[in-house]
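I opened a new notebook page for this structure. My entries follow the order of my look-ups.

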Amino acid sequence: MRILGINVPDKKRAEIALTYIYGVGRPRAALILEEAKIEKGKKAAELTPEEVNKIKNIIEKKFQVEGELRQVIRRNILRQIELKTYRGARHQRHLPVRGQRTKTNSRTVRGNTRKTMGSGRRKVDIK
């Protein structure tokens with residue numbers, strides 16, 4: 001099944017399947033199904049075309065999702081960089097933005113991901 005250009009898994013419950021759309025989480029999916037008057041336990045494959053259309057219309061009218069949402073987020077980040085805010089500077093340097101420590105545990109943001117246990121820093125041999 002496709003909703004807004006996204007392949008939604010058929011085997012999952014409708015509430016979970018909707019979370020595959022960028023910008024729709026569990027609470028928003030529950031809200032959409034409640035407004036469309038669809039029971040939460042129903043599988044995505046069991047949805048009728050009318051129910052799918054109801055879901056599409058609700059999402060299009062009320063929420064920013066997928067490409068539109070990504071553009072808004074990107075614009076907000078660029079605005080912060082342009083204003084030279086602290087958060088903008090952190091984004092620009094590819095460092096954690098929300099106050100996390102950087103001595104350890106910021107590998108994913110910095111792009112320093114280690115695939116296996118042994119890789120990374122080498123131990124110095126003591127003579």
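I call a residue buried under 20% relative accessible area, exposed over 50%, and partly exposed in between (1.4 Å probe, protein chains only). By that rule, buried residues make up 28% of the 127 residues in the chain.

I noted the ground rules. This is a predicted model, where local features need pLDDT of at least 70, side-chain atom pairs count only at pLDDT 80 or more, and totals for chains, interfaces and linings use all residues. Residues are numbered from 1 along each chain as its sequence is written, and side-chain values use heavy atoms, with hydrogens and water left out.

Next I looked up the secondary structure. I found 6 helices and 2 strands. Helices (H or I, at least four residues) and strands (E, at least two) are DSSP runs, numbered from the N terminus. Along the sequence the pattern reads β-β-α-α-α-α-α-α.

Then I checked the dimensions. The C-alpha trace spans about 75 × 40 × 20 Å along its principal axes.

I turned to contacts, meaning heavy atoms within 4.5 Å. Of the contacts in the chain with a separation of 6 or more, 44% join residues 24 or more positions apart.

Is E66 buried or exposed? E66 counts as buried because its relative accessibility is 15%. What does E66 contact, leaving aside its neighbours within four places in sequence? I listed I6, Y20, I21 and Y22.
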